[in-house]
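Welcome to this tour. Please open the model in your viewer and keep the selection panel handy as we go from stop to stop.

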Amino acid sequence: MATLCQSPRHAYPLFRSLRNVNSAWESGIRMPEFTYIAKDRTGRIVEGTIYADNSALAAGKVRELGYFPEKVRALQVVRRRVNLAQKFAEAFIYPVVSGVKLKELALFYRQFATMIDAGIPLYQSLVTLENQTKSPKLAEIIRESQEQVQRGGRLSEVFQSYPWVFNELQIEMIRAAEHGGMLDRMLLRIAEYLEKEIALRQLISRLTIYPKIVVIAAWFILGIRFFVDAMPAFSKLIVGAMGKLKYEGIDYLNDTLVPFVILGLIIFGIVAFCRISLFQSGSIRESYEQFKFRLPGLGSVARKFALAKFGRAFGAMYEAGLPLNTAIRVGGNASGSRIIAKATGRAIHSVERGAIISQAFRETGVFPSIVLDMLHTGEQTGNVDQMMQKVAEYLEGEAESKAHINSHIFAAAVGLIVAVFIGYAVIKFYSGMGANIGAAVNGAGGE
């Protein structure tokens, strides 16, 4: 059942827990099963499973056992029946393309917070949000949430069934709001966090748009067969239009657009395979990140953005009043980096042994001095959340500056490579023309 039966003093609480389970099964009701992490009166960590109608009742049963629950999560959340196509989509499509845009999700949280703050009942708020959302997938989730609320369940129990839409940070904050009775404030904090995440993604898109345009333009100038006959596809199209070469528009599309689409599908397939299968292995993902972080130019930018996401998530969780261990763990996962998440796990163990937060982070050897210094200052002044937000803003600014420089260097390098290829094609063209003229002159002289 759990690690509870290691000591005789756990016998009576364990008996009560088993009695609850047996009574549930004897009555013919299949109650949801929850796993929990808690502390006993001596501060020792205990883990186990328990049956209850919802997470709130499960936490109450854990307290009845004499423990202080830190985390209660459903092992199997009751979900509506799904057909084979939906199961396939949830396994292979939604982990790559969630079906809900981050902008739509941020708007959902902000509108939800406004309605709850205005005193509108939870169920009625969900009905209104379903009518307002433009995302079919999000509307489906909201309808399921309505059914859950009508049964007396909790939103977090529905949201955790859609991990490709609602990440761990959102679920933990909503779960804390449900237990603490501050749903409106927590929803607003989530909306603000997502809006900052959107701003960060837009920043990355702006910084990479110029290199992308240069690469795409180079592709449609040269074409795939340039590497065979050393003649740009665009030049062949012009010569073909003059009637001096058999090369039509369909040939140009087969030379540029078709290979471009095929290459895009291959890249999408590789990304999908990595997200669904390959990166599920922690060691493989960690090796990939170590390689990425060592890349000149790109590595430091990617690392700073990951640390910025950690700082912003950790600050938001800490400000919301969640347990310190939960805030550190969720912040590490929200960074999107396996290396940072693993480091935060080591930091949690150090904090549990009595180390201060900044010292625990320093022992990991992953976090830069700016993060450690700001965190130490926050511990001394009691403003850890504000210091982490400032760290995130600083790291984002640093990453933005380096990304600007790297994007211009990359675009210039691509432009130079294209110029070399075109120059080579021009030289080869005129060399061939000169050779033909020379052969014609020699032939006329021989006559």
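Helix axes on this tour are lines fitted to C-alpha atoms, for helices over the stretch in contact, and angles run from 0 to 180 degrees between N-to-C directions. Helices (H or I, at least four residues) and strands (E, at least two) are DSSP runs, numbered from the N terminus.

This is a predicted model: local features need pLDDT of at least 70, side-chain atom pairs count only at pLDDT 80 or more, and totals for chains, interfaces and linings use all residues. Residues are numbered from 1 along each chain as its sequence is written, and side-chain values use heavy atoms, with hydrogens and water left out.

**Stop 1**

Select residues 122-132, helix α5, together with residues 136-150, helix α6. Their axes lie 9 Å apart and the helices pack at an angle of about 165°. The crossing of α5 past α6 is left-handed, meaning that the near helix is turned anticlockwise from the far one by less than a right angle; clockwise would be right-handed.

Now show side chains. From α5, the contact (heavy atoms within 4.5 Å) draws on L122, Y123, L126, V127, L129 and E130. From α6 come A139, I142, R143, S145, Q146, V149 and Q150. Sorted by class, the contact of α5 with α6 has eight nonpolar, three polar and two charged residues. Here Ala, Val, Leu, Ile, Met, Phe, Trp, Tyr, Cys and Pro count as nonpolar, Asp, Glu, Lys and Arg as charged, and the others, Gly among them, as polar.

Stay on α6 and pick two glutamates, E140 and E144. Are they buried or exposed? With a relative accessible area of 16%, E140 is buried, and E144 is buried too, at 6%. Buried means under 20% relative accessible area, exposed over 50%, and partly exposed in between (1.4 Å probe, protein chains only). For a distance check, the C-alpha atoms of E140 and E130 are separated by 8.1 Å, while those of E144 and L155 are 9.3 Å apart.

**Stop 2: α4 against α9**

Next, select α4 (residues 102-117) and α9 (residues 183-222), whose axes come within 8 Å and cross at roughly 155°. These two are therefore roughly antiparallel to each other, and α4 passes α9 in a left-handed crossing. On the α4 side, look for residues including L105, Y109, F112 and I116; on the α9 side, L187, I190, L194 and I198 are among them. The residues of this contact divide into 14 nonpolar, no polar and eight charged.

**Stop 3: the nonpolar cores**

A nonpolar core is a set of buried Ala, Val, Leu, Ile, Met, Phe, Trp, Tyr and Cys residues joined through side-chain atoms within 4.5 Å. Which members of the largest one touch the most others? Select L105, F108, Y109, F159, F166, F361 and F367, from a core of 72 residues. Centre on F159: leaving aside neighbours within four places in sequence, F159 is in contact with F108, Y109, I141, S145, F166, I171 and I174. A second, separate core has 12 residues, including F34, I50, A58 and L65.

**Stop 4**

Move to α14 (residues 282-294) and α17 (residues 338-352), whose axes come within 8 Å and cross at roughly 115°. That makes α14 roughly perpendicular to α17. Here G282, R285, E286, E289, Q290 and F293 of α14 meet R338, I339 and K342 of α17. By class, the contact of α14 with α17 has two nonpolar, two polar and five charged residues.

**Stop 4: two single residues**

Pick I328 in helix α16 (residues 324-334). I328 counts as buried at 0% relative accessibility. Not counting residues up to four places away in sequence, I328 touches F310, F314, T344, I348, V351 and F361.

Then pick F234 in helix α11 (residues 233-241), which counts as partly exposed at 42% relative accessibility. Beyond four places in sequence, F234 is in contact with F220, I221 and Y252.

**Last stop: zoom out**

Show the whole protein, with its 20 helices and three strands. Buried residues make up 41% of the 447 residues.

Note on methods. Parallel < 35°, antiparallel > 145°, perpendicular 65-115°, else oblique.
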